[in-house]
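Please walk me through this structure in plain terms. I have not looked at it before.

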Amino acid sequence: MRFSFAGVEYEGREGETLAAALVRNGVLGGFRSPYRDRPRGVFSDGEEEPNALVRVGDEPLARATLVELEEGLVAEPVAGKGRLEPPRRERRYDSMHAHCDVLVVGAGPAGRAAAAAGGGDVILAELGRCAPLDGVRVLERTAVVGLYDGNLAVAVERGRRLWRIRARRIVLATGAVERPTLFEDNDRPGVMLAGAFKRYGRPAGATPVSGGFTPRVQLWRQAGGRLRWDDRVGAPVPDGELRAVACAGSVTGEGLPDAPPFALPDGEEGRIFVDLERDATVADVRRAVAAGLRSVEHVKRYTTIGTGPGQGRTSGVLATRVAAELLGVHPGELGTTTARPPYLPVPFALLAGRNRGPLFDPVRVTPLHERHVELGAVFEDVGQWKRPRYYPRSGEEMDAAVLRECAAVRERVGMQDVSTLGKIDVQGPDAAELLDRLYTNLISTLPVGMCRYGVMCRADGMVFDDGVVMRLGEGRFLCTTTTGNAAAVLAWMEEWLQTEWPELRVWLASVTEQWAAVAVAGPDAREFLQPLTGVALDAASFPFMAIREGEVVGIPARVCRVSFSGELAFEVWVDGRRGHELWRALEGAGGATPYGTEAMHVLRAEKAYPIVGQDTDGTVTPQDLGMDWVVSKKKGHFVGKRSFDRPDTSRADRKQLVAVLPADPDELLPEGAQLVADPDVPPPVPMLGHVTSSYRSAALGRTFALALVRGGRGRVGETVHAPLEDRVVPAVLAEPVLYDPEGRRRDGRPA
Amino acid sequence: MSEGQPDFLWRSPEPRRAYEVVIVGAGGHGLATAYYLAREHGITDVAVLEKGWLAGGNITRNTTVIRSNYLWDESAAIYEHALQLWEGLAEELDYDLLFDQRGVLNLAHTLQDVRDSRRRVYANRLSGIDAEWLEPEQVAEVCPILDVSPDVRYPVLGATYQPRGGIARHENVAWGYARAADALGVDLVQECEVTGIEVERGRAVAVRTTLGRIAAGTIGLVAAGHSTLLADLAGVRLPLQSHPLQALVSELYEQVLPCVVMSNAVHVYVSQAHKGELVMGAGIDAYNSYAQRGSFHVIERQLAAALELFPLFASASVLRTWGGIVDVSPDASPILGPTPVDGLYVNCGWGTGGFKATPASGRTFAWTLAHGEPHALAAPFSLDRFATGALVDEHGAAAVAH
Amino acid sequence: MLIPCPWCGERDELEFSYGGEAGVPYPADPAALTDGEWAAYLFVRANPKGPFRERWVHAHGCRRWFDLTRDTATHEILG
């Protein structure tokens, strides 16, 4: 077969590596060193190859000794540094899980013997080719690159498949790698390890060298094994035992030839190379020792020896021996550097596996999602969920769409998909007690058939989540959570229940996806919904915060009178599988405007209802939000209560939620803008707080914002300044509730 | 190659029996503390005790990101002080630190990220820190290989940009401080493990070590992930937990990444070192550990995230992964100052963000040790904040930890 | 790591969430504590190098919390 190297065509043979083919074609050089631009050539025939780096296709850095020839292969030499180019093919790889009783790494005589000895399910992994073995699962051309806790071996098969192998026992039969020797210009093309020289068929013009053998102890070290210096082998060998990892064959040092005696060579030390990958010489080691360095780790860093792709495979022991010689100590006293995974370089794409694009993180959508798409919704990511942000009509910009959606809710009626809210079913005779301990307000006094807004704090007193608690029975509640926090809240409740209060008889389950929910909000909500349901919606029959069961558009439903906009509103909950049907029926009834999260945010901000995670940041108490009313004074304790009495949490000048009205009613403050009392002082300018939410309001006919401001409630009426990129915006602090502060719209259009 | 390294670094002295100040831990912060004690306070009767080899811990295991664009004023102040020191440090230490102000991007991927990011930018600007908010197309101008298209799982909605941020070569930083401290007379004592702290009538008076007892007028513990073990020796309980934090480098590539890129939501931080390797940090492993290694799935996740942002990296290969031990405090801010034991001070809790703080940490801690009271920049990071509740919460919604 | 869930057996650590030191009870009467004592409950946990009694929850399995002893220097699970 034909292949080309550095623009020259050669004849190759089936089954040959690129390096073998080059050597057979008489190409002993052809490469350059990375830092000193010295000529280099193929040095080895294995994974330890330091010189013969090539670009093959879109592989920027391959070792010629590991590249199998293919017809028409084009290789270019690379001097140390690869070039990343846009992938020409999609690099998307699979990964495999395997379990076995014994994993044997290396299929030399010791490895094959260990695999043949059995002991249950056996996997034999071999970097090169490997003949089959009875009763053994053989993974050839497979590099075990990492050993992790719990006997997890990570392996790469043919560079294109990742294996995670859990083995009860691991046998490392990884063998030994030949060491170079030190002499002047020992890096010149044609100098190669003696074993490679033999296996390449003693190529003319090549010079074999051998400084003994170094056991491949990297995986043993990764597994936590110790080493001891072996004078006979002239290298470190495994020492002691590990519970589930053993070594076999020449990796132990057994059977390896005696190392030749070691002495510092004569010659110009700047031309005696210790690490070919880093162009580091004996002179570099001498400098390091003269600089006062005594640890091999320091010598490694000073000289960069062993920091290349080979991680010191051929250079590490040499460097130790040179340093020991210069320091006049035994090499065993110097210790060894740490071996770190991976044993061989592993492509990013292989490790990323299939967890890319849409699979990088699951996308969660509600049962109504398809309809939102049909309606042309623009979505926002909230946690893993896709939520409609707004529904632009043709040619409509976001601002216009949101103003229109807000106006629809304030003046007529709107509908929103609120199915993403977390929903936790809480059942058991002690359910009320559990919730009393976790929410800041009293839950146990809630009558069956009613719901209540609740806030949860962390033990440090900072707001963690909020939502509505419905009491469906004496011992049955349904708690809603914010969209992004559902899993965290369930975990939080489980943790307290199981670890602190196991005596409470309560059971928790997530029912987030079992329900679809649509909020119908606006002064016309009752008129809109009443024809579609047998549930009496008049204010006397269905008071604020009540729950009713019935049918809506013929679908069994739970209807709750909760409002996140200040308007009359009903949340209609149905079986998730019928959510789409509900929404289409509501749409079909005509008159309700679909609105998204952006309009919802504006409407709630006009009422100063905070959004956890937007108006809070983990440093905000309920009191800071102006919600003293949600913190029970009656309860003995609840999670977070003690923290409110700490000096810093009881300060009067904490940052508090207030409204901000820019002096220019058309000026929209950016969310995140900082507020200061005096914008004219030089930095660092003392800051009063920051804008958490900011909108144009259709109802107010102007812009407004919410902000957390130091001592904010005491500053209402004061003018503050928001220094922006190009200007300073004056604004007045105001009481937080800007719209309908008396709450007259809660029951519908005021008379 | 040893080019660029100095001909002499430090002595290896036997420890004396007593010192005016004993610093435990010869990492970046400990070495910097010793240097500033000697340089700025004239206190040269100082030993830095190290149980292993100098600069073998987090100082040479981190990803060398330097920036000062922290959220809270207290944090911004100390990190900005550090950045200003960085800007003159190579000259001061006469050591090439390969400090390169190539700029740092912190990406925003959700609307809340955008709010939080802009909040940080506005605060930074008022604190006198260079900070800009960039829209996606501006992000692409700064970093052309970043995928800012809208059709990825978590599109880039913008980024904060600190042009003065950058990277440096970590061991040169540690070695630069070590060499300078050594030259000023500080004893750097390696392979000397502290096994006890002697406390008499409420005052720490000496450390017991594997090389014998060493009396000390003042003791500063600067031991990152091992801080609680040392403080426990004096009966001081610190609110710190030690976790693995992994990082990795790729093989060497020609320069493709012109700045540092960090993303909290997608969880990547990456830069390209001068030599050409991509340097990446991963997320913290959840469990307590002193093993200096973490779990494989963290690495897998990190590379999936990297490819989301940088399609070009698909053909790059991981050369080496490793782990450090980070000392995580409850508010992701350091603890720097006195302890309930007189004469015993701590400088710890830097968690994932210690490298960039090294000069300011060392300088303010040296001041604190010399004066016996906290330096003004360190005062907000006192141990007693956990009792009052006045935390400096940098891992809240709006903050970027690393 | 392989974490032994008492109900489900050994599973990959990916299925679990970590809960830190075990056996730190919620104070019976938080109001009776000084600020320092309350801070110790909130923020201070043991952080030993070596055997550590700690909490895990099989978050992506049976959702049950349990304690185990693990060596923080070696990651070996001791029971």
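**Two cis prolines, then the rest of the complex**

A:Pro684 lies in the loop between strand E38 (674-675) and strand E39 (689-697) of chain A. The model is a predicted one. The peptide bond that leads from A:Pro683 into A:Pro684 is cis, and its omega is near -5°. Another cis peptide bond in chain A joins A:Pro341 and A:Pro342, with omega about 0°. A:Pro342 is also a loop residue, placed between helix H8 (331-334) and strand E23 (346-347) of chain A.

As for confidence, the predictor assigns the complex an ipTM of 0.97 and a pTM of 0.96. For chain C, the mean pLDDT is 96, and 100% of the residues reach 70 or more.

Backbone angles in chain B come next. B:Arg201 is not a glycine, yet its phi is positive, at about 45°. B:Arg201 sits in the loop between strand E9 (194-200) and strand E10 (203-209) of chain B. B:Arg201 counts as exposed because its relative accessibility is 80%. B:Ala224, likewise not a glycine, has a positive phi of about 45°. The loop that holds B:Ala224 runs between strand E11 (212-221) and helix H6 (227-233) of chain B. With a relative accessibility of 27%, B:Ala224 counts as partly exposed.

B:Asp331 is in another loop of chain B, between strand E16 (317-328) and strand E17 (335-338). Is B:Asp331 buried or exposed? Its relative accessibility is 0%, so B:Asp331 counts as buried. Apart from neighbours within four places in sequence, the residues in contact with B:Asp331 are B:Arg385, B:Phe386, B:Leu391, B:Val392, B:Asp393, B:Glu394 and B:His395. B:Val21 is 310 residues from B:Asp331 along the chain, and the C-alpha atoms of the two are separated by 29 Å.

Chain B also meets chain A. In this interface, 77 residues of chain B are in contact with 93 residues of chain A. The two chains bury about 7700 Å² between them, and 56% of that area is on carbon and sulfur atoms. B:Met1, B:Leu126 and B:Arg153 supply 12% of the area that chain B buries against chain A, more than any other three residues.

The interface has polar links as well. There are 35 residue pairs in polar contact across the interface of chain B and chain A, with both residues at pLDDT 80 or more. Several elements of chain B each supply at least two residues of the side that touches chain A, among them helix H3 (111-126), helix H5 (170-183), strand E12 (241-252) and helix H7 (296-309). Ten salt bridges cross the interface of chain B and chain A. In a salt bridge between the two chains, the side chains of B:Arg119 and A:Asp617 meet at 2.8 Å, N to O.

Over all chains, the count of salt bridges comes to 90. A:Glu567 forms a salt bridge with A:Arg410, and their closest N and O atoms are 2.9 Å apart. This pair links distant parts of the chain, 157 residues apart: A:Glu567 is in the loop between strand E34 (555-560) and strand E35 (569-575), while A:Arg410 is in helix H11 (residues 398-411) of chain A. Both partners are buried: A:Glu567 has 0% relative accessibility, and A:Arg410 has 4%.

A:Glu433 is partly exposed at 35% relative accessibility, whereas A:Arg437 is buried at 14%.

A:Arg471 and A:Glu474 form a salt bridge with their closest N and O atoms 3.3 Å apart. Here A:Arg471 is buried, at 4% relative accessible area, and A:Glu474 is exposed, at 61%. Salt bridges also link A:Arg38, A:Arg40, A:Glu184, A:Asp185, A:Asp187, A:Glu268, A:Arg271 and A:Asp279 in a network.

The last topic is cysteines. How many disulfides are counted over all chains? The count comes to zero. C:Cys8 is in no disulfide, and the nearest cysteine sulfur, that of C:Cys62, is 3.7 Å away. The closest cysteine sulfur to that of C:Cys62 is in C:Cys5, at 3.7 Å, which is too far for a bond. C:Cys8 is partly exposed at 28% relative accessibility, and C:Cys62 is partly exposed at 27%.

Technical notes:
Residues are numbered from 1 along each chain as its sequence is written. Chains are lettered from A and ligands numbered from 1 in the order in which they are written. Side-chain values use heavy atoms; hydrogens and water are left out. Helices (H or I, at least four residues) and strands (E, at least two) are DSSP runs, numbered from the N terminus. Buried means under 20% relative accessible area, exposed over 50%, partly exposed in between (1.4 Å probe, protein chains only). Contact means heavy atoms within 4.5 Å. A disulfide is a pair of cysteine sulfur atoms within 2.5 Å. pLDDT is the predictor's confidence in each residue, from 0 to 100. Buried area is the accessible area (1.4 Å probe) that two parts lose on being put together, summed over both. A salt bridge is a side-chain nitrogen of Lys or Arg within 4 Å of a carboxyl oxygen of Asp or Glu. A polar contact is a pair of N or O atoms within 3.5 Å; within protein, one must be able to donate a hydrogen and the other to accept it, and residues adjacent in sequence count only if both atoms are side-chain atoms.
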